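Please read them with the structure open beside you.

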Amino acid sequence: ARLLSVTDVEVRGLLLPRALVAGDVVGVRASNTKAETVPVETPFGSREFEGWGGIILASADGVMTNSMWVCSTQIAPGWNQPFFNPADEPEDWKPAVEQVPACCPWRDPNGYWSEALNAQWIWTDQPLYDRDVFCRYRKETIHVSHPMDGVFPPAATFFPDVQVLSATVSSSVTALQLTVAYDEVTLGCLAVNVGTFLRFPTPSECVDRGQQLAVGTSMQLVWRDVTNGNPTVIFVDLGTSVALNWTSQETEEECRTYCTNPPIPVDWECGAITYYLTGTYNGFNCKIMGFFQGGRVTAAPDGVTVIHWKREAARRAFTMAYSGHLDPGTEY
C-alpha cells in the first residue's frame with residue numbers, strides 16, 4: 001500500500017513494481033475533505049455545487065475506474081487483498097456509482113481525464129455524505145487482454161499501416177487526409193493534446209471520443225504519366241503493348257476517359273494509353289492498350305510527340321473530419 005495526497009495536483013502518477021495479473025487487487029481508500037458546497041464561477045455568475053467525493057484512476061494496461069469496482073464505507077480485514085470477497089458482505093460492498101461530469105465542474109480544468117479517457121469518477125451512492133470510502137477492483141482474466149471499457153473482442157492486432165497525408169485546420173473543423181493499407185476495416189482516430197496525455201488510449205476511447213472511419217476498398221487504380229520527360233519515345237506495338245483500339249480525342253484526359261469508359265460496351269481491360277500531343281498515327285491520336293510492354297521503345301517520327309499514361313494500383317485517400325479545433329502550434 002502507498003499513501004498519496006492528491007489535493008495539490010490534478011493528476012498523480014504511481015509506478016507499480018510489476019504488471020497487474022489476473023487476481024490482483026487495486027484498492028483505494030479515499031477521504032472527501034471538501035466543504036458541502038463548492039462555489040464555481042460560470043458565464044452566468046457564481047454557482048454553488050455539492051462537494052461530492054470522487055475517485056478516478058486509469059492504468060496503462062486498461063484498468064480504470066467504473067461501475068465494475070465495488071465500494072464501501074466500512075473497512076474490513078483484508079479488504080484490499082485478493083482473498084477478500086466483497087460478495088460475502090453485500091450490505092456493505094456495492095457496485096461503485098459512476099458520476100456524471102456535470103456534477104462537479106471544478107474538477108479537471110485542464111482536461112486530463114475528460115479529453116481522452118473512458119475512466120469514470122466513482123464513489124458510493126452518497127457522494128456528499130459518505131466522507132471516507134474504500135473502493136476495490138479485482139482484475140479478471142478477461143481484462144488481462146481486454147481493457148475495462150467494453151472492447152470484446154479487442155481491436156485488430158495486425159496493425160494496418162495508416163499514413164496521414166495532410167491536416168487542414170479551420171475554426172470549427174479539422175480534416176485529416178490519410179491512407180490505409182487494408183480493406184474492410186473501421187478506424188478510430190483520436191487527437192490527444194500532448195500536454196494532457198496520461199497514457200495511450202484504448203480502442204474504445206479512440207472510437208468513443210474520437211472519430212470513426214469505415215474503409216471499404218483501400219486501393220484504387222490511378223493514372224500515372226510514364227513518359228519520363230521524353231515525349232519523343234513511342235512504346236513499340238509488340239506483345240502486350242499492342243493496341244486494343246485507336247481513336248481520336250480532343251485531349252489526353254478524354255483519351256484516358258475513352259479507355260476506361262468507352263461510349264459502347266467493349267471487351268477490353270484498359271491499362272494504358274499513348275496520346276499524340278503532335279502528329280497522328282494513321283490519322284488517330286489516342287492509342288488504347290491493355291498495358292505497356294516494358295522496355296520496348298522506339299523513336300517517334302519527325303513532328304510526333306506523345307505522352308504515355310499507365311493505370312496502376314495506389315492507396316485510396318480518405319478524409320476524416322473532426323468537429324473540433326486543433327490549436328496551431330500544439331503537439332497532438
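1. In these notes buried means under 20% relative accessible area, exposed over 50%, and partly exposed in between (1.4 Å probe, protein chains only). The model is predicted, so local features need pLDDT of at least 70 and side-chain atom pairs count only at pLDDT 80 or more, while totals for chains, interfaces and linings use all residues. Residues are numbered from 1 along each chain as its sequence is written, and side-chain values use heavy atoms, with hydrogens and water left out.

2. Searching the whole structure gives four disulfides, a disulfide being a pair of cysteine sulfur atoms within 2.5 Å. With bonded cysteines counted along the chain, the pattern is 1-4, 2-3, 5-8, 6-7.

3. Cys 103 and Cys 104 are both buried, and their sulfur atoms lie 2.4 Å apart in a disulfide. This disulfide is left-handed because the torsion about the S-S bond of Cys 103 and Cys 104 is about -100°.

4. The sulfur atoms of Cys 71 and Cys 135 are 2.0 Å apart in a disulfide, which is right-handed with 110° about the S-S bond. The pair links distant parts of the chain, 64 residues apart, with Cys 71 in strand E4 (residues 70–72) and Cys 135 in strand E8 (residues 132–138); strands (E, at least two residues) and helices (H or I, at least four) are DSSP runs, numbered from the N terminus.

5. For Cys 189, the closest cysteine sulfur is that of Cys 206, at 7.5 Å, which is too far for a bond. Cys 189 is partly exposed at 23% relative accessibility, whereas Cys 206, at 17%, counts as buried.
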